[in-house]
Amino acid sequence: SRNVIIQCLARTPKLYSELIMKKNTLTEKSFSKSLCSALEAAKLNRDKKKALTEFQKAVIDVDHDFSRNKQHDAFEFLVMTLATADQELQYNLENDKCVLKLHSPAYMELIHCKREKETKTSIIKELFQFITLNQMKYGCRENNKVHFQGATSLSLSVSSPARTKLVECLDDHFRAWPIENLICDQCRKSTQTSQFLMTLPNILIIHLDKTGSASERYYPIRQG
């Protein structure tokens, strides 16, 4: 699964070109430097073994749970890779005004929602970050709880072989879900939680999670 993620990232044009351009300016033995080498090896099909070995060491330095012979999840690996690269590749907006033209609208919306003064960005945010609105509706009450959050990937659960179309997975993910044991005192209705996409990124990463008892048997995801 790691090799598939590396191959996909290596074929993300703007990400690849940006990282390769900055490769010589990155700190030796940093995570981003190792990631650059791994992407370059995957794209050019050379020195693969050496580059992937160095990247494996960098991954373990960040999180020992990704060491060999340990169970790990592809989605967690992707999130960790993007988050770590984002931290290392950040640069100041104040020192480079031209980056404002490239600044993701989703990231600007997140800054507005958090009401924070943000002065840094990265190629990871510009390409992948989007904003979700998580809402909790308490029965008939008007004071619903709303929470904005930035993310770089969307994980969809595939719960049954009968529901294997992508559009149905999206419908399941974004529909309102009841929260057990949380009842409104006035109308006695269940509290519901739901999620909305407030903004879309330039590239939307969707992870199809087929774990769980209903998906022990592997089956394809159909288009539509």
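Visitor: In this predicted model, at roughly what angle do the axes of H3 and helix H4 cross, and is the pair roughly parallel or roughly antiparallel?
Guide: The model is predicted, and in it the axes of H3 and helix H4 (residues 48-62) come within 8 Å and cross at roughly 150°. Angles over 145 degrees count as roughly antiparallel, so H3 and H4 are placed in that class. The crossing is left-handed, and the answer is therefore roughly 150°, roughly antiparallel.

Visitor: Into how many nonpolar, polar and charged residues does the contact of H3 with H4 divide?
Guide: On the H3 side the contact is made by Phe31, Ser34, Leu35, Ser37, Ala38, Ala41 and Ala42, and on the H4 side by Lys48, Ala51, Leu52, Glu54, Phe55, Ala58, Val59 and Val62. Among these residues are the serines Ser34 and Ser37 of H3, together with Lys48 and Glu54 of H4. The division is eleven nonpolar, two polar and two charged.

Visitor: Is alanine 42 buried or exposed?
Guide: Alanine 42 has its place in helix H3, and, leaving aside residues up to four places away in sequence, alanine 42 touches Ile6, Gln7, Ala10, Arg11 and Lys48. Because the relative accessibility of alanine 42 is 8% and the cut-off is under 20%, alanine 42 counts as buried.

Visitor: How are H2 and H3 oriented to each other?
Guide: The axes of helix H2 (residues 13-22) and helix H3 (residues 31-44) come within 10 Å and cross at roughly 125°, with H2 passing H3 in a left-handed crossing. The contact is made by Tyr16, Leu19 and Ile20 of H2 and by Leu35, Cys36, Leu39, Glu40, Lys43 and Leu44 of H3, and these residues divide into seven nonpolar, no polar and two charged. With the axes crossing at roughly 125°, the two helices are therefore oblique.

Visitor: Which strands are the edge strands of the four-stranded open sheet?
Guide: The order of the open sheet is S4-S3-S7-S6, with antiparallel pairing, and neighbouring strands are turned by 25° against each other on average, direction ignored. Within this sheet, strand S3 (residues 130-137) and strand S7 (residues 190-197) pair over six bridges, and asparagine 134 stands opposite glutamine 195 in S7. The strands that pair on one side only are S4 (145-151) and S6 (177-183).

Visitor: Is phenylalanine 174 buried, partly exposed or exposed?
Guide: Phenylalanine 174 is found in helix H9 (residues 166-174), and H9 lies across S6 and S7, running at about 130° to S7. Not counting residues up to four places away in sequence, phenylalanine 174 touches Leu154, Gln195, Phe196 and Leu197, and its C-alpha atom is separated by 9.6 Å from that of leucine 156, 18 residues apart along the chain. Since its relative accessibility is 22% and buried would mean under 20%, phenylalanine 174 counts as partly exposed.

Notes
Residues numbered from 1 in each chain as written. Predicted model: local features only at pLDDT ≥ 70, side-chain atom pairs only at ≥ 80, totals over all residues. Heavy atoms only, no water. Axes fitted to C-alpha atoms, helices over the stretch in contact; angles between N-to-C directions. Parallel < 35°, antiparallel > 145°, perpendicular 65-115°, else oblique. Left-handed = near helix turned anticlockwise from the far one by under 90°. Contact = heavy atoms within 4.5 Å. Nonpolar A, V, L, I, M, F, W, Y, C, P; charged D, E, K, R; others polar. Buried < 20%, exposed > 50% of the residue type's maximum accessible area, 1.4 Å probe, protein only. Pairing = 2+ DSSP bridges.
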